[in-house]
Amino acid sequence: MKSRIIITAFLLVALSSLFLPLLAHEDQPRNIISVEKNLRLEKKLRTLALELDLLFEWEGRIYILADDDDLRTLDRLNIRYVNESYKFPALNPDQLRAQGGLNGAYHSYQELAADLGILQLSYPRLARLFKIGTTLENRKILALKISDNVSLDEDEPEVLFLGCHHAREWISVEVPLLLARYLLENYAADARIRRIVNQSEVWVVPLVNPDGLEYTIHYYRYWRKNRRLNADGTYGADINRNYGYAWGYDSTGSSPEPASEIYRGSAPFSEPETQAVRDLVLGKHFQAMITYHSFSQDILYPWGYTEIPTDKNQLLDDIAANMSRLMQPVNGRVYKYGEAGALLYLTNGDATDWTFGTSGIPSYTFELPPVDQLQGGFFNAEQDIGPIFNENLPAALYLIEWSIQNFGPGAGQPQERNKRAVFPYKTKAPEKQARFQDK
Ligand SMILES: [Zn+2]
């Protein structure tokens, strides 16, 4: 009985995935238009939110993916708009597939869970799937562990890869997922990969924010936060402002206002997503960490909450420089690197400050391509997934090998492992102009 239900469910999923792309192709051609952002208009747009595909806000205007029906609706409501498609040559409106349920080649929560399950089934000796938390909307936060003797907790350096704290940063799911696949699929044939997998324990959490991701697929492509219903009736806490190191340090790097895009939550680790990452990290001995975001092509290291460098600045910078140097030849793209608070903008309560602040391990925020809003911002074409992963692969492999060299068997400095670093918050950082919040 149970198996019949499973088979039926499987068939339904398989059938719907066959037909949905057909439906999507029936869509009318779409344009990227913009309307002035003001209160009166915002109210009007909000009542239309389920019909209109709001893409993003930029320089005082709201950008919308609109087909002919949408344009007629705007005309009827006397809302003036400008066609902006020409401004975004990297954004093909027909490929955005934003609102309405389909995210194309990008993974939904269900698709990701299925693919992680398949990896575990296909490589039972090397891959093991863990549920590390449950979201507010009852979705699982999944982690895939990759190592030889995967069911054992061996004395090997552990390295963590996180994706998609921010819902709209779809590419940040794909890169860590593809890394997991790459390690598993190349284990048998590639001696370097076999050595890496045998001598380390790699943990991959491609989707820290499943509720947010689903919301971007079905309702609003530009959603960033999780789906916490706040006390004032607004939704969402910024998961990457909710970690417990320098949480709420100032109101530049995070906000106390629930409606804000960078709302830090009601308390450190108030959100199930940060609790899940925290508990995973505290239960292990990670030696290095990368958390993927988009966009701007940066490699950022702590601190985020202040421009004052850490006492390991040279090490953090050397590793970042090496990673960037390895990435550049793949597709020619340059990833800038530097201290987060100095290079990009100030943040407090983010993942890298917490892992570095509590464990002292090299911790990096990767801002994936594109480099700016005009090149597509949070929207990457489906055909960009492969090249972006390819250029990120050497950096990820380098960081794992760095961990093996420094903390693996025979590294000869176990006393250094996971040493606790305590850095008091000394001075208030200067106010800094926030730009696009992508970190
Ligand atoms: Zn982000």
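This is a predicted model: local features need pLDDT of at least 70, side-chain atom pairs count only at pLDDT 80 or more; totals for chains, interfaces and linings use all residues.
Strands (E, at least two residues) are DSSP runs, numbered from the N terminus, and two of them pair if DSSP finds at least two bridges between them.

Residue numbers start from 1 along each chain as its sequence is written. Local features need pLDDT of at least 70 and side-chain atom pairs count only at pLDDT 80 or more, while totals for chains, interfaces and linings use all residues.

## Strand E3 and its partners

Six bridges join strand E1 (residues 31-36) to strand E3 (residues 61-66) in the antiparallel sense; Ile33 has Ile64 as its bridge partner in E3. Five of the six residues of E3 are buried, a residue being buried if 20 or more other C-beta atoms, placed from the backbone, lie within 10 Å of its own.

## The E2-E3 hairpin

E2 and E3 pair in the antiparallel sense through five bridges, and Trp58 has Arg61 as its bridge partner in E3. The hairpin formed by E2 and E3 has two residues between the strands. In the turn, Glu59 has a positive phi of about 45°.

How values were computed: Helices (H or I, at least four residues) and strands (E, at least two) are DSSP runs, numbered from the N terminus. A residue is buried if 20 or more other C-beta atoms lie within 10 Å of its own, exposed if 12 or fewer, and partly exposed in between; C-beta atoms are placed from the backbone.
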